Amino acid sequence: MKTLEVIGVVAFVLTTLALSSRAQLLPRTRLPNVIIGDPNEPENDILGPPLAKEELVFRINGTGEDGGESERGDGGEGGDPSLRSGFFQGDIMLPSEDHLLQIIQGSPDAQGSAARNPALRWPGALIPYVISASFSRAERAAIGGAMGEFHARTCLRFVARQPQHRDYVHILKGEGCSSAVGRSGGLQVVSLGQGCVHHGVVVHEFMHAAGFWHEQSRYDRDQHVIINWKNIIGDMKYNFGKKTNRLTSDLGLDYDYASVMHYGPRAFAVDASLPTIIPRVPGVEIGQRRGFSELDVKSLNILYRCDKDATTRPPTPTEKPGACVDTHAACPKWAASGVCVRSPVFMSRTCRKSCNLCEEKTDCVDTNIHCAWWAGQGECERNAAYMASSCPRSCDVCGVWPGPCKDQHKDCSKWAALGECGRNPAYMARNCRSSCRLCGKPPRAPGV
């Protein structure tokens, strides 16, 4: 007992000394007054349906909640609302004060970009998402248009989150405009609050989520712009910090005045009639919020190896499916174990036959690897227009179920024994046909 008591006393003393030392050190570094963590409550948010194909349309002129767009990044009246959100650098969501302190102190672990830190990139160039039901039809169109520009000009794809997606973004109408930089792990919020649902602003926040910081924080920015420190609001100067080449990378691309990630000329200005950022090239525009610049597109495609590795890009409805073959002997085994759903990009190219992505009928082909899952979740009824055109096989719009008589998941027999064929007929009829003894029959509709 005496030994334990001594250990306890020593531990208490050491803890007290550590806390005391921390208390003495903390005041030496004055942290900026920014929002820390996620002020939203995504767990209480009511989710809406995934965006339909008709909503994922890239509109060149952009669109917003009021039919307009936020074109500049000034943060002033009528400017970029993301700079008024109260987060680090205006719209970057940081998880803790310790993380902010590390950034201020220059820690590479705290402020590296996805260009330097592969862990911040989204595997397979897929960004799973859920979206709040709070957005209006026009707002969903603006968000879908921003996703559509990613889809049209890069290999990144926003895909509806499935149970196997541990890491995903939750798009909600929260406190201003904000996002973490890169994949942070688990649920992460992209907030598109009041005034944020404009094409260029949404593209900007999605670029943060993909792993990019602001353009003017590049290590070489002083060669291209002049920071007018005297006109920056006193407690906002931290927003103009720059990174070293050790923390981020320019990906071999020139400085981009036209980037959708660049601050506008009067960001955080004391006197809005005077600039805070002066381009060294006279007459160039900075701070546009219309959409991608050409170098924005190149940076995304370089970072996610879109041109070098075609396997990072999932198939889209406009592409012709590959040959109806399996290119690996283990495809049937993988398909039976549910890998078609867990690893859709790989399986859609390696195991087309086993994953039922073949073209036995040209008018009855699923063009998305998630079709069977969506159908099992009732999307054939809730999202009928999109599902009928993109998932006709899984939604049985062809009149008969042409799928093979086999189970698509290793646990099918166990689920069938537990009565799931009757309780969850839509999913089981498409994924566990053998165990539910449905061979030779079309899948039963829910409630039948």
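I took contact to mean heavy atoms within 4.5 Å. On that basis I looked up aspartate 167, which touches Trp122, Pro128, Arg183, Gly185 and Gly186, residues up to four places away in sequence not being counted.

**Basis of the entries**

I worked from a predicted model, in which local features need pLDDT of at least 70 and side-chain atom pairs count only at pLDDT 80 or more, while totals for chains, interfaces and linings use all residues. Residues are numbered from 1 along each chain as its sequence is written, and side-chain values use heavy atoms, with hydrogens and water left out.

**Aspartate 167**

I located aspartate 167 in the loop between strand 2 and strand 3. Helices (H or I, at least four residues) and strands (E, at least two) are DSSP runs, numbered from the N terminus. I noted a relative accessible area of 11% for aspartate 167, which is therefore buried. Buried means under 20% relative accessible area, exposed over 50%, and partly exposed in between, with a 1.4 Å probe and protein chains only.

I then looked up the polar contacts of this residue. The term covers a pair of N or O atoms within 3.5 Å; within protein, one must be able to donate a hydrogen and the other to accept it, and residues adjacent in sequence count only if both atoms are side-chain atoms. The side chains of aspartate 167 and arginine 183 are joined by a polar contact of 2.6 Å. The aspartate 167 side chain also reaches the backbone nitrogen of glycine 186, at 2.6 Å.

**Disulfides**

I searched the whole structure for disulfides (pairs of cysteine sulfur atoms within 2.5 Å). The search found two. A disulfide is a covalent bond between the sulfur atoms of two cysteines.

The link of cysteine 155 and cysteine 306 is left-handed, with -65° about the S-S bond. I recorded both cysteine 155 and cysteine 306 as buried.

Cysteine 177 and cysteine 196 also form a disulfide, their sulfur atoms lying 1.9 Å apart. I placed cysteine 177 in strand 4 (residues 177–178) and cysteine 196 in the loop between strand 5 (187–192) and helix 5 (199–210), so the pair ties together parts 19 residues apart in sequence. The link of cysteine 177 and cysteine 196 is left-handed, at -90° about the S-S bond. Cysteine 177 is buried at a relative accessible area of 0%, and cysteine 196 counts as buried at 1% relative accessibility.

**Helix 5**

How many residues of helix 5 are buried? I found that twelve of the twelve are, so helix 5 is largely enclosed by the rest of the structure. Among these buried residues are His199, His204, Glu205, Phe206 and His208. Their cover includes helix 4, strand 2, strand 3 (168–172), strand 4, strand 5 and helix 6.

Helix 5 reaches 16 Å from its first C-alpha to its last, close to the 16 Å expected at 1.5 Å a residue. The expected span is 1.5 Å times one less than the number of residues. Just after helix 5, I noted that glycine 211 takes a positive phi of about 125°.

**Aromatic pairs**

I counted rings of Phe, Tyr and Trp (its six-membered ring) as paired if their centres lie within 6.5 Å; planes under 30 degrees apart count as stacked, over 60 as edge-to-face and the rest as tilted. The structure holds eleven such pairs.

Phenylalanine 88 and tyrosine 238 are stacked, at 5.8 Å centre to centre with 20° between the planes. Phenylalanine 88 lies in the loop between helix 1 (2–25) and helix 2 (97–105) and tyrosine 238 in the loop between strand 6 (225–227) and strand 7 (277–279), so the pair ties together parts 150 residues apart in sequence. Both phenylalanine 88 and tyrosine 238 are buried.

Phenylalanine 158 is in strand 2 and phenylalanine 206 in helix 5, 48 residues apart. Ring pairs link Phe150, Phe158, Phe206 and Phe292 into a cluster.
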